[in-house]
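Please look at the sequence and structure before reading on.

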Amino acid sequence: MMNGLGNLGHLGKLGHVSTSGTNHPEVEASGRAFPIWNTKPGDDKLLSLSIHGLTEQIGTPTPANPVPMRSVGDSGLFLSVMPDKAGSDYQLLNIKEAMKKAGHDGILRSVNGIYDEVVYNGKEWKLIQRIGVSTGFTVTSISTLNSNGDLREVLIRGSVKGTQVTPDISVFYSNKFYYTGDSTSNKWNKVYGVWTNSLRYGFTVVYDITGYPTEEALKAMIEDESTIYYYVLFTPAEYSLDLPVITTYDEQTYFASNAAEVKPRMIARCKVSKALDYIREGLIGYYTGRGRSNTDENKNILPDLSGNGNDLENKNFAYTPESGYGDGYIQYDGVDDFSSVEKAMTNIDFTILFTISDVELLTGNSWSGLIYGSSYYLGINKGICFSSENRYIMNGNISKTNFNISNKGKEIFVVGCFNGGKENKVIGITLGSINNSPIYACKQKIYDALIYNRELTEEEIKHNYKASCQYNGEDIDGKAGENNEF
């Protein structure tokens with residue numbers, strides 16, 4: 001699992017770059033599909049690779065309308081390792097089949113940011129299972145706590161039909177209940193929402209007696225094998241996997257999976273001939289969600305990795321998957337989350353770059369983030385760049401045509417813009433909203449945010465796009481199938 005900001009120690013001041021001697025630079029790359037640039041050929045250059053589980057649920061489940069939990073590997077899981085994205089040559093590893101041969105069901109799940117993981121150490125492979133599955137639940141008691149018309153608030157106690165639940169995580173996923181996380185706010189309007197404690201110590205739910213007129217009927221539904229529960233295990237299980245050593249290619253090695261609906265994030269660490277990193281000259285602010293987790297001791301601080309001390313303070317975060325750190329990104333909830341610092345700067349030219357996805361406009365005037373002054377704004381507003389200079393950046397290209405990245409789903413964009421030509425007095429930096437305030441909060445995932453006190457050249461913009469693809473991944477059309485078609 002992610003161990004917090006301590007993992008950022010190997011970043012240095014910029015990016016996942018380290019050296020074990022000047023002749024042996026290493027880089028860390030990640031994403032759903034990503035290149036590692038400047039690789040060297042051989043079967044000893046890839047030092048590690050991990051494939052993360054992920055579970056998604058679209059909609060609000062109830063017993064009458066169950067919502068399936070979709071996870072990595074539901075419909076197969078192949079890993080393709082190629083010399084380039086075109087897949088002119090490739091190594092194809094059947095990850096799901098290896099897991100099944102080891103005695104697992106071949107599905108990588110997650111609950112509340114904790115995930116199953118396939119791990120490669122450069123020589124050997126293993127599966128770490130952290131998520132348990134229970135088909136049904138053994139109820140030992142039902143205690144009625146409160147009533148409101150036909151609604152009943154009850155405490156359910158019992159045990160899972162599987163390996164023991166951890167006492168540390170209260171959240172669980174189910175295809176017939178949804179987790180509210182709040183037992184005091186408007187609970188009577190959250191029918192079949194659950195909260196309090198866990199599957200281990202008991203959970204509270206509001207249900208409608210018109211659907212389940214007796215406790216026995218409610219008990220039967222909770223215990224039925226069609227009611228599925230995902231939860232965090234008390235003790236993770238490990239399985240050795242029979243998979244081959246991975247060989248890297250000359251100049252570039254590309255990683256992708258065939259996962260269709262739910263794609264895993266992967267992280268690789270590799271020896272390279274030369275480490276590709278973001279442009280350093282003029283960088284005055286660099287913020288990332290990589291290497292962070294909601295259990296970090298200093299989770300309220302978003303450090304400035306440029307080395308200039310422009311750290312941001314996170315405000316109003318709940319530090320949950322919906323509001324906090326995700327797997328490689330910062331999740332802003334669009335309600336009141338933002339990160340900010342008040343810092344006076346005066347400069348003529350600025351360049352900003354965001355690696356960003358899942359921009360949703362919950363209000364009529366949502367800001368992804370900006371640098372700002374009393375009469376100066378440079379940022380992304382309603383998914384569109386806000387700048388007095390009509391030159392915009394989209395995925396490594398400069399254009400006079402503005403972009404719109406709102407409501408584009410999971411697609412990752414590397415976008416930004418320039419502003420220059422006159423002296424600009426800046427008083428602060430805000431991500432997730434504007435002006436050190438939640439008033440125009442934006443729901444989004446920010447992977448990286450870069451601020452420069454100069455105008456980057458076209459070549460530098462393309463260079464930074466390549467670096468972002470390596471650090472955060474990119475989207476590829478279609479999927480890598482068993483025959484490696486995309």
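With the side chain of which residue does the side chain of His52 make a polar contact of 2.7 Å? The partner is Asp327. A polar contact is a pair of N or O atoms within 3.5 Å; within protein, one must be able to donate a hydrogen and the other to accept it, and residues adjacent in sequence count only if both atoms are side-chain atoms.

This is a predicted model, in which local features need pLDDT of at least 70 and side-chain atom pairs count only at pLDDT 80 or more, while totals for chains, interfaces and linings use all residues. Residues are numbered from 1 along each chain as its sequence is written, and side-chain values use heavy atoms, with hydrogens and water left out.

His52 belongs to strand β4 (residues 46-52); strands (E, at least two residues) and helices (H or I, at least four) are DSSP runs, numbered from the N terminus. His52 has 2% relative accessibility and therefore counts as buried, where buried means under 20% relative accessible area, exposed over 50% and partly exposed in between (1.4 Å probe, protein chains only). Its side chain also makes a polar contact with the side chain of Ser50, at 3.2 Å.

Next come the aromatic rings. The structure holds 17 aromatic pairs. Rings of Phe, Tyr and Trp (its six-membered ring) pair if their centres lie within 6.5 Å; planes under 30 degrees apart count as stacked, over 60 as edge-to-face and the rest as tilted. Two of the pairs are listed here.

| Pair | Centre distance | Plane angle | Type |
|---|---|---|---|
| Phe137 and Phe203 | 5.8 Å | 70° | edge-to-face |
| Phe172 and Tyr229 | 6.1 Å | 50° | tilted |

Phe137 in strand β13 and Phe203 in strand β18 are 66 residues apart, and both are buried. Phe172 lies in the loop between β14 and β15 (173-174) and Tyr229 in strand β19, so their pair ties together parts 57 residues apart in sequence. Tyr229 is buried, with a relative accessible area of 0%.

The last topic is the nonpolar cores. A nonpolar core is a set of buried Ala, Val, Leu, Ile, Met, Phe, Trp, Tyr and Cys residues joined through side-chain atoms within 4.5 Å. The largest has 34 residues, of which Phe354, Ile371 and Leu431 touch the most other members. Strand β28 gives the largest share of this core, five residues. A second, separate core of 31 residues includes Ile95, Ala98, Met99 and Val118.
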